Structures are given as C-alpha cells and as structure tokens.
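Student: I am new to this structure. Please show it to me, and then take me through one part of it closely.

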Amino acid sequence: MRYFISLSLMLAALWLSLSGVYKPLIFGLGGASIALVVWLTERMEVLGAEHDAGLWSWRLPVYWGWLLWQVVLANLMVSRAVLSRRPIRPRLLQVRASQQTLVGRVTYGNSITLTPGTITTDLPSDDEDLQVHALLPAAAEDLRSGEMARRVDWLENGR
C-alpha cells in the first residue's frame, strides 16, 4: 500500500508542478491519469519491483538540484567551446555504471544525456559499461571522475 501512496503522491506533485492549469476538469483528468498509471503499474507487477518510490522521494529533489547545477555548468562549458576558435574534439568513451538496479542505470544514463555536451549512446542491460559521446575532453573527464555515478548511487542506495 505504501508503494501506491508514494507513487500517487509523486505523480500528483509532478503533474501539479508541470500543469499550471488549476480548473476542476483538469484536476479530474489529472486524477484519472494518475489512477490509470498506478493501476497499470499494479497490473504489470512493476510497482515496488525495481525501486521503492517512497525511498527515492526525499532524495530526488536534492539530486535534481545538483543535476540542474551540472546542466548549467555544462551549458557554459559548451557555449564557451562553441564561441572560441579552438577545435572541438568529440569522442566516444566507455563509462562504468556502478548502479545495482536497472532503474539506477537508466537514471545514470539519462542524467548523462540531460547534461549538455554528453549523450549516452548505448546502455546494454548485460554489461556494466555505458557508451557515451562527449563533445569536449572536459566533459569526458567529468564523467571519468565518477561524481555523477556516485550521486546516482546515493540516490539509489543512500550511500
């Protein structure tokens, strides 16, 4: 039951923050869509199978704040590189994914892709390495430092 409540509350908070329209019809449609998603996750038997939404709930805003700051820094780095006369040296690299669950690995891969100048190009389910395209050498070094992987590990496990 805790899974249903935590998922419903997280979906409602996300929907309310993204919607911006607070009319009775929209509230009804939002509530119906949340109920449908919770019902579908129960029917698919995935609710609670991969992660505990309640466990992640308080860590998510902290992680999102850190990720937003990384997006700002990466935007500045890419902008500086585009405006300078120096050549851009893109590269493909392998990055170790230390996350224990598939949800953690997907979160890590998506976080890399959200950060400007880097894109996760391959996330095999049977391998620990992700293939990443990095636009700049500094972006590749940031990934190799493992800070983002440690943050996703913290989000996943609290460590």
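Student: Among contacts in the protein chain between residues at least 6 apart in sequence, what percentage joins residues at least 24 apart? Then please look closely at the pair formed by tryptophan 15 and phenylalanine 27.

Tutor: This is a predicted model, where local features need pLDDT of at least 70, side-chain atom pairs count only at pLDDT 80 or more, and totals for chains, interfaces and linings use all residues. Residues are numbered from 1 along each chain as its sequence is written, and side-chain values use heavy atoms, with hydrogens and water left out.

Your number first. Of the contacts between residues at least 6 apart in sequence, 69% join residues at least 24 apart. Contact means heavy atoms within 4.5 Å.

Next, the setting. The protein chain has seven helices and three strands. These are DSSP runs numbered from the N terminus: H or I with at least four residues for helices, E with at least two for strands. Along the sequence the pattern reads α-α-α-α-β-α-β-β-α-α. Of the 159 residues, 31% count as buried. Buried means under 20% relative accessible area, exposed over 50%, and partly exposed in between, with a 1.4 Å probe and protein chains only.

Now the rings. A pair of aromatic rings is described by the distance of the centres and the angle of the planes. Rings of Phe, Tyr and Trp (its six-membered ring) pair if their centres lie within 6.5 Å; planes under 30 degrees apart are stacked, over 60 edge-to-face, and the rest tilted. That rule gives three aromatic pairs. In one of them, the centres of tryptophan 15 and phenylalanine 27 are 6.0 Å apart and the planes stand at 55°, so this pair is tilted. Tryptophan 15 belongs to helix H1 (residues 2–19) and phenylalanine 27 to helix H2 (residues 24–43), so the pair ties together parts 12 residues apart in sequence.

What about cover? Tryptophan 15 is partly exposed, with a relative accessible area of 22%. Phenylalanine 27 is also partly exposed, at 41%. A further ring joins in: ring pairs link Trp15, Tyr22 and Phe27 into a cluster.

Valine 132 sits in strand S3 (residues 129–134). Valine 132 is buried, with a relative accessible area of 0%. Leaving aside neighbours within four places in sequence, its contacts include Arg91, Ile112 and Leu143. The C-alpha atoms of valine 132 and isoleucine 5 are separated by 36 Å.
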